[in-house]
Amino acid sequence: MIDDRGRTGNDYRMLLVVGVSLAVAGLLIYALPVLCLIFAGIIFGIFLSAAADVLSRRLRLPRAPALLIILIVLLAAGMAMIFVIGPHVVEQAGELARRVPELWRASEAAIRRSEIGVTILDLVREAMGEPDALPDLSAIITESTQMIGRLTGIFSSVVGTLFSVIIMIAMAAYIAFEPKLYRQGVLFVTPARRRGMVNHMMDRVAVVVAWWFVGQGLSMLVLGSIMTLGLWVIGVPFALLFGLFTALMTFIPNLGPVIAAIPVLLMALTQSIEQTLLALILIVVLQNVEGLLLTPMVHRRIIALPPALVLAALLVLGSLVGLIGALIAMPLVATMIAAFEAAKRYEEAPPA
């Protein structure tokens, strides 16, 4: 009887543990957007704190005025992006959506000028089970228009999340103004025997996050600017839209530049073969600028990120949370890897 009662008690405890675990998992999934926003605020606060420290040392200013200068500069840059560039981007996106049928016909005509293009179209028709007819252009046009509508919806959703962004910036500013307070809070809830390791992990994560922000911002600015200017010089339409798209694709390692190149080449193909070749040369130049200059300069300060792991995090967080999840996928992976590597090194060779 006692054994039966003992087994019954163990069964109840097991059910309780499973129930609590499922409840916690469900709560985490439900609160995932909020958690992602909190994480974004934390990493942005870490970057602001590091930038304030650097500016304070360089200008020999107190830390608080240096941080205020950084916040004012970032706010001015953000407002300039919204009110100066934003209307042009929306205008070009709308124009592109209206010209999808025309551009599709122009692309098909350009592809048919070569024997390879005709062969490719024939293979597409056979794969679609229509050997004697072209694909249903109306369906393709409708699908393309819907896709572009979803892309333009991303920009409108960014405006809709302005309140969340303000909260994130405010959280980051509080963290940057008093980083020691929050660090001490983390160490306070950490067991005494693990505080040295956790402190070492936070130091390493702070360095990785700060340099990731520098590298990401530099890559977006350089690649987006070069793409916009280059397309404008060679005469490809919607240069600003494609330049912004190229800048956003820097968040996706390896595949990002390929994804950004596809619409550029298709658009150039609707103009002429010469513009297509020039656009291809421009894309190759961008790849070399990123691979030979930007990436080595930043990655020597941070860790190498496994592309497959970043893409997996991007897909999962992007599908569950949306834009914010997609934006934090790469820094989340970088933070996790930095923390694990710092913990491993601390355990292998703890400081005296």
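In this predicted model, the side chains of Asp-53 and Arg-63 meet in a salt bridge, with N and O 2.7 Å apart. The pair links distant parts of the chain, since Asp-53 belongs to helix 2 (residues 32–59) and Arg-63 to helix 3, 10 residues apart. Asp-53 is partly exposed, at 29% relative accessibility, and Arg-63 is also partly exposed, at 24%.

A search of the whole structure finds 3 salt bridges. Another of them joins the side chains of Asp-203 and Arg-183, at 3.0 Å from N to O. Here helix 9, which holds Asp-203, is linked to helix 8 (residues 179–188), which holds Arg-183; the two residues are 20 apart. Asp-203 has a relative accessible area of 36% and is partly exposed, as is Arg-183 with 25%.

Glu-347 forms a salt bridge with Arg-194, their closest N and O atoms lying 3.4 Å apart. Glu-347 is in helix 14 (residues 323–348) and Arg-194 is in the loop between helix 8 and helix 9, so this pair ties together parts that are 153 residues apart in sequence. Glu-347 is exposed, with a relative accessible area of 51%, whereas Arg-194 is partly exposed, with 32%.

Helix 9 (residues 195–234) also contains Gln-216. This residue is buried, because its relative accessible area is 8%, under the 20% limit. The side chain of Gln-216 makes a polar contact of 2.8 Å with that of Thr-250. Beyond its neighbours within four places in sequence, Gln-216 is in contact with Thr-250, Phe-251 and Met-330.

On the surface, Leu-75, Met-79, Met-81, Ile-82, Phe-83 and Val-84 form a nonpolar patch with about 630 Å² of accessible area together. Met-81 lies in helix 3 (residues 63–98) and is partly exposed, with a relative accessible area of 46%.

Definitions and conventions
Residues are numbered from 1 along each chain as its sequence is written. This is a predicted model: local features need pLDDT of at least 70, side-chain atom pairs count only at pLDDT 80 or more; totals for chains, interfaces and linings use all residues. Side-chain values use heavy atoms; hydrogens and water are left out. Helices (H or I, at least four residues) and strands (E, at least two) are DSSP runs, numbered from the N terminus. Buried means under 20% relative accessible area, exposed over 50%, partly exposed in between (1.4 Å probe, protein chains only). A polar contact is a pair of N or O atoms within 3.5 Å; within protein, one must be able to donate a hydrogen and the other to accept it, and residues adjacent in sequence count only if both atoms are side-chain atoms. Contact means heavy atoms within 4.5 Å. Patches are made of residues with over 30% relative accessible area and no salt bridge: like charges are joined within 9 Å, nonpolar side chains (Val, Leu, Ile, Met, Phe, Trp, Tyr) within 5 Å. Accessible areas come from the Shrake-Rupley method with a 1.4 Å probe; for residues, only the protein chains shown count as cover. A salt bridge is a side-chain nitrogen of Lys or Arg within 4 Å of a carboxyl oxygen of Asp or Glu.
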